[in-house]
There are 2 protein chains.
Amino acid sequence: MAKISIVQNILAANDDVAREIRQTLQARGLRTINMMSSAGAGKTTLLEQTIRHLNGRLRLGVIEGDVETAADAERIDAAGGESVQIITQGACHLEAHMVRAALTQIDLEAIDMLFVENVGNLVCPAGWDLGEDLKAVVVSTTEGDDKPAKYPHMFAASQVMIINKIDLLPYVDYDLSAVKRFALAVNPRLRIFELSCRTGEGLAAWYEWLLAFAHAKTEVSEEAEVGG
Amino acid sequence: MAKISIVQNILAANDDVAREIRQTLQARGLRTINMMSSAGAGKTTLLEQTIRHLNGRLRLGVIEGDVETAADAERIDAAGGESVQIITQGACHLEAHMVRAALTQIDLEAIDMLFVENVGNLVCPAGWDLGEDLKAVVVSTTEGDDKPAKYPHMFAASQVMIINKIDLLPYVDYDLSAVKRFALAVNPRLRIFELSCRTGEGLAAWYEWLLAFAHAKTEVSEEAEVGG
C-alpha cells in the first residue's frame with residue numbers, strides 16, 4: 001500500500017510541475033508537442049526534416065530526451081533547430097521536472113514552437129504529462145501493425161499518430177488499414193498522418209497541419225484538451 | 001530517500017524470486033533465455049520460426065509478456081509451442097514474480113527449453129532478473145544503428161544480440177558494422193547473430209547455436225554466469 005501511495009504522490013507532483021510548464025508556454029503563445037514512439041521509429045529524422053523545411057517560417061525548439069548520448073540534440077542543431085539534451089541515465093521516460101530544467105536552457109524568444117522528443121519507449125512515456133498541448137505517437141511500418149492493440153495506453157493518450165516509413169511497405173508484412181483500425185478502436189479521435197521521411201511522401205500534409213497548429217493558438221488548445 | 005529504499009527493496013525481492021526460479025529450472029535441466037527488444041523488432045516471429053524449425057528436436061515453451069492482448073501466445077500455440085501469456089496491464093517490463101506465476105501454468109515435463117519474451121521496450125526490462133540463464137536482445141535494421149549507444153544498459157545486460165530484418169538493408173540507412181561496433185563497445189563479450197526471419201538468411205547459425213545451448217547444460221551455464 002505504501003508503494004502505491006508514493007507512486008500517486010510522484011504523479012501528482014509531476015502534474016503540478018506540468019501545469020506550471022503549460023502556463024509558462026501558453027503565456028508566451030508557444031505550442032508544444034510531446035513526441036513519443038518505440039526506439040527507432042524515426043522521431044529525430046522527422047524533426048530534422050521538419051526544421052529544415054520550415055526554415056524561415058517557423059523556428060522550432062526541441063528538448064531531446066535520451067537514456068544516453070547527446071547525438072539527437074547534435075542532429076537537431078545541425079538541422080538549424082534550438083535544442084537541449086536531457087540524458088535520463090537509465091530512466092525510461094521524461095518527467096515534467098526534467099522539462100522544466102531544460103526550459104531554462106532554451107531562449108524562448110528565439111522559437112515559435114516547441115517539441116519534446118521523449119525517450120524511445122511505447123510504454124512508460126504515455127503516463128507522464130510534460131505540460132505539452134498535445135501528444136503525438138510515431139509508429140513505423142517495420143514494427144508490425146498490431147502495436148496500437150498491444151500498447152493501447154500510448155495511443156489512447158495521444159491526439160496524433162504518425163505512420164512513418166511508408167516507403168518500406170512493399171518489403172514488409174504491414175497492413176495500413178489494420179494499424180489504423182486498431183488505433184481508432186483505442187482512440188477514435190486520433191488524427192493520422194502517413195509519411196516517409198526517406199522519400200518525402202506525405203510530409204506536405206504534416207507541414208501544413210503543423211503550421212496551422214502552431215499559429216492557431218487558443219482554439220486548438222481547447223480542442224486538444226477535449227481530445228486528451 | 002524513502003522512495004529509493006523502496007525501489008531497492010523491490011529489486012532485492014525480485015532477485016530472491018529470480019534465484020528460486022533459476023534453481024527450479026536448472027534442477028530440471030531446462031535452459032531459459034529472456035528475449036528483449038524494442039516493440040516490433042521481431043521477437044515473436046523469430047520464436048515462431050524457431051519452434052517450427054526445431055519441431056521434433058527441441059520442444060520449446062514460451063512465457064509471453066505483453067502490456068495487453070494474448071495475440072503473441074496464440075501465435076506461439078499455432079506454431080506448436082507451449083505458451084503462457086502474462087498481460088502486464090500497463091507495466092513496462094516483466095518481474096520475477098510474474099514468471100513464477102506463469103511457470104505454474106506450464107507443463108515443464110513437456111518442454112526441453114524455455115523462452116521468456118519480455119515486453120517490447122529497450123529500457124526497463126534490462127534491470128530485472130527473471131531467473132533466466134541468459135538475456136538476448138533483438139534489434140532490427142529499421143531501428144537505426146545507434147541503438148546500443150543510446151540504450152547501453154540493455155546491451156550490457158545481454159549475452160546475445162540478434163540483428164533481425166537484414167533483408168531490408170538495401171532499403172534503409174543502416175550500417176551493420178556500426179551497430180556491432182557500438183554494441184561491442186558496451187559489451188565486448190556479446191555473441192552476435194545476423195538474420196532475416198522473412199528470407200531465412202542467417203537462421204541456420206541461430207538454430208545450431210540454440211541446440212548446442214539447450215543441450216550443453218552446466219558448461220554453458222558457467223560461461224553465461226561469467227558473461228552476465
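A residue counts as buried if 20 or more other C-beta atoms lie within 10 Å of its own, as exposed if 12 or fewer do, and as partly exposed in between, with C-beta atoms placed from the backbone. With that in hand, I checked chain A: 48% of its 228 residues count as buried.

**Ground rules.** I am looking at a predicted model, where local features need pLDDT of at least 70, side-chain atom pairs count only at pLDDT 80 or more, and totals for chains, interfaces and linings use all residues. Residues are numbered from 1 along each chain as its sequence is written, while chains are lettered from A and ligands numbered from 1 in the order in which they are written.

**Confidence.** I looked up the scores and found ipTM 0.82 and pTM 0.87. For chain A the mean pLDDT (the predictor's confidence in each residue, from 0 to 100) is 91, and 91% of the residues reach 70 or more. I marked residues 1-5 of chain A, where pLDDT is below 50 and the stretch has one contact beyond near neighbours in sequence. Residues 218-228 of chain A are also below 50, with 10 such contacts. Contact here means that the C-beta atoms of two residues, placed from the backbone, lie within 7 Å.

**Fold of chain A.** I counted nine helices and seven strands, taken as DSSP runs numbered from the N terminus (helices H or I, at least four residues; strands E, at least two). Of the contacts with a separation of 6 or more, 75% join residues 24 or more positions apart. The C-alpha atoms fill a box of roughly 50 × 45 × 35 Å along the principal axes.

**Core.** Which residues have the most contacts inside the largest nonpolar core? They are A:Val99 and B:Val99, in a core of 119 residues. Such a core is a set of buried Ala, Val, Leu, Ile, Met, Phe, Trp, Tyr and Cys residues joined through C-beta atoms within 7 Å. Leaving out residues up to four places away in sequence, A:Val99 touches A:Ile21, A:Ile63, A:Leu94, A:Val116, A:Leu130 and A:Gly131.

**Helix α4 of chain B.** I then turned to residues 96-103 of chain B, where B:Ala96, B:Met98, B:Val99 and B:Ala102 are buried. Seen down the axis of α4(B), the buried residues line one face, because they fall within an arc of 155 degrees (directions from the helix axis to the C-beta atoms).

**Where A meets B.** I found 32 residues from chain A and 33 residues from chain B in the contact. On the chain A side, α1 (2-27), α5 (147-150) and α6 (152-157) each supply at least two residues.
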